[in-house]
Amino acid sequence: MKGMSYCLHSESHLDTGPIYVRENGKLHMVNQGTRGIQNTRPFRLFSRGFSVELCMNREDNRARRQRTDHFIFTYTKEGNLRYSAKSLFSLVLSYISDNVDHIDSLIGFPEQIAEKLFSAAEARQKFTEPVTGLRALQKFTEAYGSLVLCSLCLRNRYLVISAKLEEIKSFRELTCLDLSCCKLGDEHELLEHLTKEALSSVKRLLLKDNSLSDAGLRRMTAPVRVLKKGLENLLVLDLSCNPKITDAGIRYLLSFKKLNCLDISGTGLKDVNAVIKQIQTQIGLVHSKVPLKEFDHSNCKTEGWAEQTILQWEQAVMEAIKPQDNLRSRTAALHFYGKTHKIKEVVKCKLVEAETNASGNLQFYKEKVQNCHLPLKKEVAGSHELKNNKKRPLAEQERERTSKQKHLCLTVEDWDLLNTY
């Protein structure tokens, strides 16, 4: 007993600090002097508006602000606060999505979980970040291709193309690409990317009003004409409202043998009838007298996991140029006082229908063969041609063979393009 009392007496001299006791749902502080409980007033450890948030990554302030708690808070019917812990899968998914740019590879990873991971990273706007966003997006496009994006519509979004060019080039296995009204020109890097093997799956390409000329068509069709690669699977092509495309540039399009629909309205053609006949004889497309629904531009929409990512890019670009809207009032004041200004506003795409009407509707489609006897007639005609060829002199056949070889010869410009690949 003496030893115990001595121990208690010795411990009483230690500075243990304030002691708190919870009684009847309220927290009280023990008075060390009287060794009793103060009943004057409940003591609060924290202020009424104090809250605590668990953070796993203290270096990333942005991720800490956007991260939700690890608990789900709900209220009962009586108004009491109830919380339940999130599942381990949700916690792991949140952590990986916060560090998605550190993933080495997703090849072989299940698509169902990858889609949820992409959505979680997209909700945190990870793909809008300058460097890490591109690196993370490439991991998904390399592993899942068309699931990330199978159709991309960038119509009249040339600011998005300029800001996110590398991200756009990372998309693979696209089947539809709409770049209408973007004023890209012949030398744009994105047009050169169209000839790469990553976009050989494109079946519908809309390049309406892009300031293209014959040189741009030559560069775009060089892999198909020479290497039989690139846009070899193209079915629908829209080149309307490009007045710099002439009759000489149309011959580059004859290499698209699988083409089903073509629109060259509003181009700078001189001999329209000759071009119509050339297209019909070379690739079997018939001139349409009425507008085709394939060029309505309403069928091509952005589809895939990254659909919201494209909208986030567009929103970020619009927010970046929003301060320029305040200059409109200043511009109006300068106009009122008769002063000139050097402020160049963003020019929106307004297609001039007069140019299209001047050259007429030049849309072409591949007519389906309805008569089943046509192949038989062709075979009979072919047999007659064989008989006539036997009767021809050898000199004439040799002359015809050399003329065909001349058409197969490559120009110096084509060889220059081949050296770039």
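Phenylalanine 118 is buried, with a relative accessible area of 0%. Buried here means under 20% relative accessible area, against over 50% for exposed and in between for partly exposed (1.4 Å probe, protein chains only). Phenylalanine 127 is likewise buried, at 0% relative accessibility. The model is predicted: local features need pLDDT of at least 70, side-chain atom pairs count only at pLDDT 80 or more, and totals for chains, interfaces and linings use all residues. Residues are numbered from 1 along each chain as its sequence is written, and side-chain values use heavy atoms, with hydrogens and water left out.

Six aromatic pairs occur in the structure. The ring centres of phenylalanine 118 and phenylalanine 127 lie 4.5 Å apart and their planes meet at 25 degrees, so this pair is stacked. Rings of Phe, Tyr and Trp (its six-membered ring) pair if their centres lie within 6.5 Å; planes under 30 degrees apart count as stacked, over 60 as edge-to-face and the rest as tilted. Tyrosine 144 and tryptophan 305 form a tilted pair, with 5.4 Å from centre to centre and 50 degrees between the planes. This pair links distant parts of the chain, 161 residues apart. Tyrosine 144 belongs to helix α5 (residues 132–144). Tryptophan 305 sits in the loop between β11 (285–288) and α12 (307–320). Both tyrosine 144 and tryptophan 305 are buried. Ring pairs join Phe118, Phe127, Phe140, Tyr144 and Trp305 into a cluster.

Leucine 285 is placed in strand β11. Its relative accessible area is 0%, so leucine 285 is buried. Between leucine 285 and leucine 262 the C-alpha to C-alpha distance is 8.1 Å, at a sequence separation of 23 residues. Neighbours within four places in sequence aside, leucine 285 is in contact (heavy atoms within 4.5 Å) with Leu259, Asn260, Leu262, Ile279, Gln280, Phe364, Tyr365 and Lys366.

The chain as a whole has 17 helices and 12 strands. Helices (H or I, at least four residues) and strands (E, at least two) are DSSP runs, numbered from the N terminus. Of the 421 residues in the chain, 33% are buried. Among contacts in the chain with a separation of 6 or more, 71% come from residues 24 or more positions apart. The chain exposes about 27800 Å², and carbon and sulfur atoms supply 54% of that area. Accessible areas come from the Shrake-Rupley method with a 1.4 Å probe; for residues, only the protein chains shown count as cover.
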